[in-house]
Every structure is written in structure tokens, then in C-alpha cells.
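Welcome, and thanks for taking a look at this one with us. Please open the sequence and the model side by side before reading on.

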Amino acid sequence: MTTIAEVKRWTRPILAEHPDLALKPRLLYLRPVHHIYRTIMFMGSSDRTHPKPKSNYDLLFAPPSARSNDNWNRELIAGWSTDADFPDRLARVIRESLDDELRPLGTIEGLYAFMGRDAADWGYLPERLSHAAPLHAVTLAALGRLSEACTVAQTHIDNNEGEQLRRLAAAQAMLVKPREKYHAELMIKSASYFLRPMDELRQLIAVAKVNDRGAVAALLHQWESQNARWHNIEDAWEPTPFPLERIL
């Protein structure tokens, strides 16, 4: 497996070239961190000479029990560390990722514009925000588009809550049967996982539907603080106003 010492050695030149980059173990990230955590992570690999860095970005203001991204990552093809041109190739693919995707996603407006594109330069169709309703709803709310945020959040709840509640009830009924207890516990865990973000979205709906922009901003700041703590980046995260706060 690629070691932390190797990652440090490989990334030393690119860190010297880009003062807005910092390194945590196995993870390059752009700083300061505001609303979007933009990273390049060196994943584990069975072949230590074949690192598999992946670019990624997380919405720090996502509901804490939801995913902060929708698997928005891309593997950067850098080859094998034993290749003679590996250092140059790695530096090149990192530069391209920084310029083409990660830096343009430094603002919520930039993220929304990017996720609305028909295609990306990556060579495949990226997931849209509309494919991840909790993230879509909070992004719209952060932009001040509260009516749209309510519609997205409520539609997600209406379309998905009933099925998860039925699964939860069925699993709870199965708990009394010893042979089915393990399966029931897994079903309860799964249903609860999907239901918790819906409860958080209800908090958003409650303040957004009455156009209480101050309360919406306060909720998003609260979630962002929780997610920054979960990512262990409180030292790099700088709380800043959301776009909707500019029009309070």
C-alpha cells in the first residue's frame, strides 16, 4: 500500500508550487476552506507503486446525517511511481484538476454553475445536483432560492419517506423472531439512515417556507460547523456568509 511518507515525498514539489494547497495524511486540500471542501486523496492500493489519487469535493453545509457529496470524485491517472516521468505526470494531473474543477468550485455559485453543465471536460457526464435531493435543496437555500429549496426537499420526502417507514415497521415486527433479528437490525439501520436526513430537511423547510432568511443561514452555518468538525478540518475552515445573507 502507498505509504504516508511516499505521499509526502511525491507532493512536496506541488505544495511548493501552490501555496493554497495543504497536506493532511494522504490528502491534499485547498485552503482556506469555506463552504466546499475540495480535496485530492491518495487512496490505498494493493500495488504501492500505483497510487490512485482522486479529486473530490464535499458540501460542508449539507444536512449532517446526509452524505456531503454524491460520489463526486474522479481518479487522476498518474501512472506508476516507478515510471521515470511519474513526478512530472503527477504534478500535471494535479494542476489540471485544480484548474479545471476544484478551484472553479470554490464558491457555491461556481458549484451550482458547474453541476448544471451538460457535460464536463472529464470525459463523462457528471452527477447533477438534482440527483442528490438533500444537497440540491441546501444549495438552493444557500443561494437564497428558498421556494425552490422547499419544493426539492418536500418532493424528496414525499417520494421516499413512505417506503422507508414501511421498511422500518416491518423490521421492528421481525425483531421478536430470533432467526430474523439480525436481518431486522440491518433493515432498521438502513431505514433510519435514509430517514434522518429527511428530518433535517424538515428543519430547513420550516424556516425557508416563511422566508426567514436569517434562520436559514443560521441552520446552514450550524450544519457546516458540525461537518467541519466531522472532517477534522476546524483548523482550516473559515466560516463565511452564504450568498443568501448578502440579500437579507
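This is a predicted model: local features need pLDDT of at least 70, side-chain atom pairs count only at pLDDT 80 or more; totals for chains, interfaces and linings use all residues.

**Helix α5 and Glu-161**

- Helix α5 covers residues 146-174, and Glu-161 is found in it.
- The 29 residues of α5 should span 42 Å at 1.5 Å a residue, and the 41 Å between its end C-alpha atoms agrees with that.
- A kink of about 40° is centred on Asn-160 in α5.
- Buried residues of α5 include Leu-146, Ala-149, Val-152, His-156, Ile-157, Glu-161, Gln-164 and Met-174.
- The partners that these buried residues of α5 pack against are α4 (133-142), α6 and α7 (213-230).
- Glu-161 counts as buried because its relative accessibility is 17%, and the cut-off for buried is under 20%.
- Leaving aside residues up to four places away in sequence, Glu-161 touches His-156, Leu-195, Met-198 and Arg-202.

- Asp-199 and Arg-202 are three residues apart in helix α6 (residues 181-208), so about one helical turn separates them.

- Side chains of opposite charge can pair when their charged atoms come close.
- Glu-17 and Arg-95 meet through their side chains in a salt bridge of 2.6 Å, N to O.
- That pair links distant parts of the chain, with Glu-17 in helix α1 (residues 4-17) and Arg-95 in helix α2 (residues 86-102), 78 residues apart.
- Glu-17 is partly exposed at 38% relative accessibility, and Arg-95 is partly exposed at 31%.
- Another salt bridge joins the side chains of Arg-103 and Asp-20, at 3.0 Å from N to O.
- Arg-103 lies in the loop between α2 and α3 (108-115) and Asp-20 in the loop between α1 and β1 (21-24), so this pair ties together parts that are 83 residues apart in sequence.
- Arg-103 counts as partly exposed at 29% relative accessibility, as does Asp-20 at 23%.
- A network of salt bridges links Asp-20, Asp-99 and Arg-103.

**Aromatic pairs**

- Trp-10 counts as buried at 12% relative accessibility, and Phe-42 counts as buried at 0%.
- Phe-61 and Phe-242 make an edge-to-face pair, with 5.5 Å centre to centre and 75° between the planes.
- Phe-61 lies in the loop between β4 (52-59) and β5 (73-75) and Phe-242 in the segment after α7, so the pair ties together parts that are 181 residues apart in sequence.
- Phe-61 is buried, with a relative accessible area of 0%, and Phe-242 is buried with a value of 0%.
- Ring pairs also link Trp-10, Phe-42 and Phe-86 into a cluster.

Methods: Residues are numbered from 1 along each chain as its sequence is written. Side-chain values use heavy atoms; hydrogens and water are left out. Helices (H or I, at least four residues) and strands (E, at least two) are DSSP runs, numbered from the N terminus. Buried means under 20% relative accessible area, exposed over 50%, partly exposed in between (1.4 Å probe, protein chains only). Contact means heavy atoms within 4.5 Å. A salt bridge is a side-chain nitrogen of Lys or Arg within 4 Å of a carboxyl oxygen of Asp or Glu. The expected span of a helix is 1.5 Å times one less than its number of residues. The bend at a residue is the angle between axes fitted to the seven residues ending there and the seven starting there. Rings of Phe, Tyr and Trp (its six-membered ring) pair if their centres lie within 6.5 Å; planes under 30 degrees apart count as stacked, over 60 as edge-to-face and the rest as tilted.
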